[in-house]
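Reader: I would like to go through this model and ask what stands behind the terms used for it. Please set each value against its cut-off.

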Amino acid sequence: GLAMATMDVVKLYGGEPANFLDIGGGAGKDKVKAALQIILADPNVKAVMFNIFGGITRVDEVAKGIIAALDEVKTDVPMVARLVGTNEEAGRKLLAESVLIPADSLADAAQKAVAAARAR
């Protein structure tokens with residue numbers, strides 16, 4: 001459901017989803033790095049939107065994984081992140097201190113990702 005909702009909302013705000021990749025639970029640096037390398041290999045990708053719902057998986061750990069992966073995967077593609085779930089406040093604080101564009105909701109993330117893609 002989260003995958004389809006994400007794609008639908010991006011489309012609703014005028015975007016063209018290029019890909020969807022489910023990194024699964026325990027999204028540490030290595031998984032996120034591999035996911036980013038796959039996604040960024042497509043030259044048509046103009047922005048990346050992380051839409052993370054963490055139930056069992058801690059959102060702050062996912063944020064750490066994303067930030068660490070971005071230290072190793074160099075790109076100028078804008079990245080938007082929406083994180084909801086366990087330890088959400090800590091995860092959002094980490095995002096605010098990173099290069100990622102933070103989003104408060106799925107709609108906010110989609111709007112920011114579409115705007116970032118259009119600005120490229």
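Author: Start with accessibility: a residue is buried under 20% relative accessible area, exposed over 50%, and partly exposed in between. Note also that this is a predicted model.

Reader: Why is L40 called partly exposed?

Author: L40 has a relative accessibility of 22%. Buried requires a value under 20% and exposed a value over 50%, so L40 falls in between and counts as partly exposed.

Reader: Where is L40 found, and what is L40 in contact with beyond its neighbours within four places in sequence?

Author: L40 is found in helix α2, residues 29-40. Apart from those neighbours, L40 is in contact with V45, V48, V73, T75, V77 and M79.

Reader: Is V10 buried or exposed, and how do you know?

Author: The relative accessible area of V10 is 14%. The limit for buried is under 20%, so V10 is buried. V10 is found in helix α1. Leaving out neighbours within four places in sequence, the contacts of V10 are G15, E16, P17, M49, A110 and V114. V10 and L106 are 96 residues apart in sequence, and their C-alpha atoms are 9.0 Å apart in space.

Reader: What makes D104 exposed?

Author: D104 has a relative accessible area of 58%. Exposed means over 50%, so D104 is exposed. D104 lies in the loop between β3 and α5. From D104 to D76, 28 residues apart along the chain, the C-alpha separation is 23 Å.

Reader: What is said of the phi of N87, and how does its accessibility count?

Author: N87 is not a glycine, yet has a positive phi of about 60 degrees. N87 sits in the loop between β2 (79-85) and α4 (88-96). Its relative accessibility is 35%. That value lies between the limits of 20% and 50%, so N87 counts as partly exposed.

Reader: Why is β1 described as largely enclosed?

Author: Of the 7 residues of β1, 6 are buried, so β1 is largely enclosed by the rest of the structure.

Reader: Which elements make the right-handed β-α-β unit?

Author: The unit consists of β1, helix α3 (residues 59-72) and β2.

Reader: Why is α3 called roughly parallel to α4?

Author: The axes of α3 and α4 come within 7 Å and cross at roughly 20 degrees. Angles under 35 degrees count as roughly parallel, so α3 is roughly parallel to α4. The contact is made by V59, D60, A63, K64 and I67 of α3, with E88, A90, G91, L94 and L95 of α4.

Reader: What covers the buried residues of α3?

Author: The cover includes α2, β1, β2 and α4. The buried residues of α3 are V59, D60, V62, A63, G65, I66, A69 and L70.

Reader: How do you know that the span of α5 agrees with what a helix should give?

Author: Helix α5 (residues 106-119) has 14 residues. The expected span is 1.5 Å times one less than the number of residues, so α5 should span 20 Å; its end C-alpha atoms are 20 Å apart, which agrees.

Reader: Which residues of α5 are buried, and what covers them?

Author: L106, D108, A109, A110, A113, V114 and A116 are the buried residues of α5. Their cover includes α1 (2-12), β1 (48-54), β2 and β3 (101-102).

Methods:
Residues numbered from 1 in each chain as written. Predicted model: local features only at pLDDT ≥ 70, side-chain atom pairs only at ≥ 80, totals over all residues. Heavy atoms only, no water. Helix = DSSP H or I, 4+ residues; strand = E, 2+ residues; numbered from the N terminus. Buried < 20%, exposed > 50% of the residue type's maximum accessible area, 1.4 Å probe, protein only. Contact = heavy atoms within 4.5 Å. Right-handed = clockwise from strand over helix to strand, strands pointing away. Axes fitted to C-alpha atoms, helices over the stretch in contact; angles between N-to-C directions. Parallel < 35°, antiparallel > 145°, perpendicular 65-115°, else oblique.
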